Amino acid sequence: MSIASRLSDLGVTLPDAPAPAANYVPFVQVGNIVYVSGQISNGPDGLITGKLGADMDVAGGATAAKTCAISLLAQVKAACGGDIERLVRVVKLTGFVNSTADFTDQPKVINGASDFLVEALGDAGRHSRSAVSAASLPLGVAVEIEGIFQIK
């Protein structure tokens, strides 16, 4: 089954790739590897802000992480000249969770992105990963995730 079909079955339409907010590029391709800059949690109603362990629960954080994964795929699609079928696999994610000092469920939050990518891509969505805490993130967002992808 194609990636586009899987996304459609999940009710997901990839948005246009978000433009960078500062002096950097959204992705860099080196050979068949695409390094995607950090994508912040942003849903249909705008930025998803909050601090895990204070005013946001794990389920809300996981939903925020899923939006980051969707934006990551949008950037990969742009890197592939609009053809998401060129994506071979997700290599690695690094997830940053805006959380209190005593919050310890960062992996559960980033599972929102990991679970979505496996659901959308099957085995090609399985990846290595880091999930870390941050005292704050840009614009007060709950989650930011960067990724490394293999394309053909």
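## Exercises on salt bridges, a buried serine and a helix

In this predicted model, the side chains of Asp-123 and Arg-126 meet in a salt bridge, with 3.2 Å from N to O.

**Exercise 1.** Classify Asp-123 and Arg-126 as buried, partly exposed or exposed.

*Solution.* Begin with the cut-offs, by which a residue is buried under 20% relative accessible area and exposed over 50%, and partly exposed in between. Asp-123 has a relative accessible area of 58%, so Asp-123 is exposed. Arg-126 has 47%, and therefore Arg-126 is partly exposed.

**Exercise 2.** How many salt bridges does the structure hold, and how do Asp-105 and Lys-108 take part?

*Solution.* The structure holds two salt bridges. In one of them, the side chains of Asp-105 and Lys-108 meet at 3.8 Å, N to O. Asp-105 counts as partly exposed because its relative accessibility is 26%, and Lys-108, at 48%, counts as partly exposed.

**Exercise 3.** Locate Ser-99, decide whether Ser-99 is buried or exposed, and find the polar partner of its side chain.

*Solution.* Ser-99 lies in the loop between β5 (87-98) and α3 (106-121). Its relative accessibility is 4%, so Ser-99 counts as buried. The side chain of Ser-99 makes a polar contact with the side chain of Ser-133, at 2.4 Å. Leaving aside neighbours within four places in sequence, the residues in contact with Ser-99 include Lys-51, Leu-52 and Gln-106.

Notes: Residues numbered from 1 in each chain as written. Predicted model: local features only at pLDDT ≥ 70, side-chain atom pairs only at ≥ 80, totals over all residues. Heavy atoms only, no water. Salt bridge = Lys/Arg side-chain N within 4 Å of Asp/Glu carboxyl O. Buried < 20%, exposed > 50% of the residue type's maximum accessible area, 1.4 Å probe, protein only. Helix = DSSP H or I, 4+ residues; strand = E, 2+ residues; numbered from the N terminus. Polar contact = N/O pair within 3.5 Å; in protein donor to acceptor, adjacent residues only side chain to side chain. Contact = heavy atoms within 4.5 Å.
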